Amino acid sequence: MTGFTFAAAFTGIVRWVFVVLAVYILARCILSLVRSKNPAEVWAYMHITTFRESEDGYYDIATDMSVPITHWENVIGRAKNCDIQVSDKTLSRNHGILMRSTSGQWTYRDLGSKNGTYLEDMKISKEGQMGPPIKLEYGDVLRNGMTEFTLMPISVEEKNNNTAMRRTDTKVMSAGPTLAAITLFQILTIFQLWISTGADHLDQIVIAVGGLCVLMWVYTGILRAAGRTGFEMECIAFFLSTLSMAVIASSAPASLFKQFIAVCLGVVIMFIMCVVLRNLEVSKAFRWLFLVVSVALLVVNLTFGTIGFGAKNWIEIGSFSFQPSELVKVAFIWIGAASLDELFQKKNLWVFMVFSAFCLGCLGIMGDFGTAIIFFVTFLIISFLRSGDFSKLVLMGGAAAAAGFMVIRFKPYVAQRFATWGNAWDPELLNAAGYQQTRTMSAAASGGLAGVGAGNGWLEQVAAADTDMVFGMLVEEWGLIIAVLAVLSIVTLALFAVQSIMAGRSTYYTIAACGAMSMFVFQTMLNVFGCLDLMPFTGVTFPFVSNGGTSMMVSWALLAFLKSADTREKASLAVKGGAKR
């Protein structure tokens with residue numbers, strides 16, 4: 001009786017301590033990201049001289065000015081949306097592109113302009129054809145129409161001022177207090193799970209949750225030694241991964257060590273991706289390898305895949321199993337992103353469109369329509385960022401809707417899920433198609449604001465409770481407050497990705513970041529709203545939280561794209577710090 005009283009008292013107190021710690025941890029991370037600025041930097045100046053013909057046949061200077069270049073990629077032309085816009089009727093709307101490489105080399109490409117481009121007195125373009133990249137040195141003069149463009153360097157003093165201003169603008173959260181709070185959260189989680197689930201799996205819990213704590217501090221220590229300071233995104237990911245360990249300890253403790261290894265591999269993969277993404281040219285070269293590997297993985301999946309939860313999206317090798325479609329998510333973003341010059345190449349766009357169609361077709365054949373929807377929404381967002389043409393997206397959306405109706409017509413189990421949508425409590429569906437959702441909503445309702453305590457819930461007895469229905473387990477065992485904060489964390493990462501667009505060094509990084517976050521956000525929506533019967537139940541995971549090694553590794557990998565768009569001073573491993581960036 002004494003033991004029961006102590007356990008009940010401990011749980012009653014600690015579940016509110018968990019809420020306070022979660023609010024503190026996520027409030028610090030969320031507010032820091034929301035308030036942060038992605039500072040832009042002046043990389044060079046473009047001196048622009050526009051001439052006009054006078055009445056006596058001579059040419060006078062109409063305008064003479066210098067424009068700061070704050071991006072690595074800049075469209076030159078007379079259109080209002082150009083980065084370097086000049087009121088010269090002899091210029092094409094999008095005349096050419098000025099680009100900077102990771103090493104600092106500037107190049108210029110003509111976009112098939114009508115009047116062409118001259119470097120000094122040599123014509124470097126052909127009408128109607130996109131020209132090759134031409135190296136530019138400081139002082140070189142480009143003549144486009146009636147305008148001369150001279151690339152000028154910034155002074156050493158201004159470079160130092162830029163660095164000082166970037167440091168002033170960069171506001172990052174102090175990682176120490178946040179990591180200490182997460183550590184306390186993890187220690188209390190171990191004790192709570194010990195009390196609620198007993199000592200049978202205590203060793204696995206200590207290894208998984210304790211190992212995650214050690215990994216968190218080692219990762220932060222290594223990056224701090226390298227001069228990095230911004231850890232808001234990683235703190236969010238480590239906190240959500242801690243919730244994942246707790247959920248698995250309640251539902252499938254035998255999988256704890258596997259999930260911990262998945263987190264370790266995910267952090268390593270993110271680290272490697274950040275290093276690769278530091279170099280734009282290398283990043284662009286890698287996508288062809290990813291394209292080939294992705295096609296091979298999907299073909300192998302179609303040929304040798306096994307069926308799980310109604311979809312043929314698993315490959316099993318002995319006791320090891322993984323989802324190729326999850327791994328392809330990373331390749332899909334990597335291939336879909338493009339630098340500014342590539343946005344004007346139809347060939348590059350067609351490669352992405354064909355690859356997207358192939359992925360969607362394979363997912364349709366596998367029956368994995370939840371993942372197919374995520375891919376399609378990401379495709380629409382990337383396509384819009386690449387083209388800016390909303391009308392084409394409407395047409396593609398209409399075509400997808402028509403295809404969706406065909407799927408519902410010929411795939412009975414998909415139609416059944418749509419029939420259940422909004423009708424989960426129908427007596428005829430209560431113990432059939434609506435079984436998982438009604439149990440999930442019932443369990444969530446019993447959780448209240450602070451939950452019943454980790455390991456004390458009953459939803460874990462329902463199939464897929466720790467994967468596709470994990471939001472219900474979060475609300476039941478951890479409470480509505482922590483579950484909502486977990487969702488807000490994903491939304492905050494998305495907002496940060498949108499903020500990064502204006503200060504992005506390259507469209508490659510901004511498109512990749514927005515594409516990755518579209519996957520995060522829409523995947524979270526499908527999981528949460530599917531659990532609550534606000535959307536059709538599609539069977540997708542909650543990023544960083546759901547049980548599943550492949551899903552966990554991919555969540556960390558996708559985070560690397562967001563890190564690559566973070567231009568704050570020394571805030572990201574994916575961006576070289578200091579004046580050498």
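**Helix packing and the nonpolar core**

Okay, let's start with a helix pair: Glu-326, Leu-327, Lys-329, Val-330, Ile-333 and Trp-334 in α8 meet Thr-550, Ser-551, Val-554, Ala-557, Leu-558 and Phe-561 in α17. Contact here means heavy atoms within 4.5 Å, and helices are DSSP runs (H or I, at least four residues), numbered from the N terminus. By class, that contact has eight nonpolar, two polar and two charged residues; Ala, Val, Leu, Ile, Met, Phe, Trp, Tyr, Cys and Pro count as nonpolar, Asp, Glu, Lys and Arg as charged, and the others, Gly among them, as polar.

Quick caveat: this is a predicted model, where local features need pLDDT of at least 70 and side-chain atom pairs count only at pLDDT 80 or more, while totals for chains, interfaces and linings use all residues. Residues are numbered from 1 along each chain as its sequence is written, and side-chain values use heavy atoms, with hydrogens and water left out.

Back to the helices. The axes of α8 (residues 324–336) and α17 (residues 549–564) come within 8 Å and cross at roughly 15 degrees. So α8 is roughly parallel to α17 (angles under 35 degrees).

Now the core. Trp-556 and Phe-561 touch the most other members of the largest nonpolar core, which has 149 residues. Such a core is a set of buried (under 20% relative accessible area) Ala, Val, Leu, Ile, Met, Phe, Trp, Tyr and Cys residues joined through side-chain atoms within 4.5 Å. Leaving aside neighbours within four places in sequence, Trp-556 contacts residues including Phe-238, Val-263, Met-270 and Phe-544. Another core, of seven residues, lies apart, with Val-75 and Met-99 among them.

Conventions:
Axes are lines fitted to C-alpha atoms, for helices over the stretch in contact, and angles run from 0 to 180 degrees between N-to-C directions. Helices (H or I, at least four residues) and strands (E, at least two) are DSSP runs, numbered from the N terminus. Angles under 35 degrees count as roughly parallel, over 145 as roughly antiparallel, 65 to 115 as roughly perpendicular and the rest as oblique. Buried means under 20% relative accessible area, exposed over 50%, partly exposed in between (1.4 Å probe, protein chains only).
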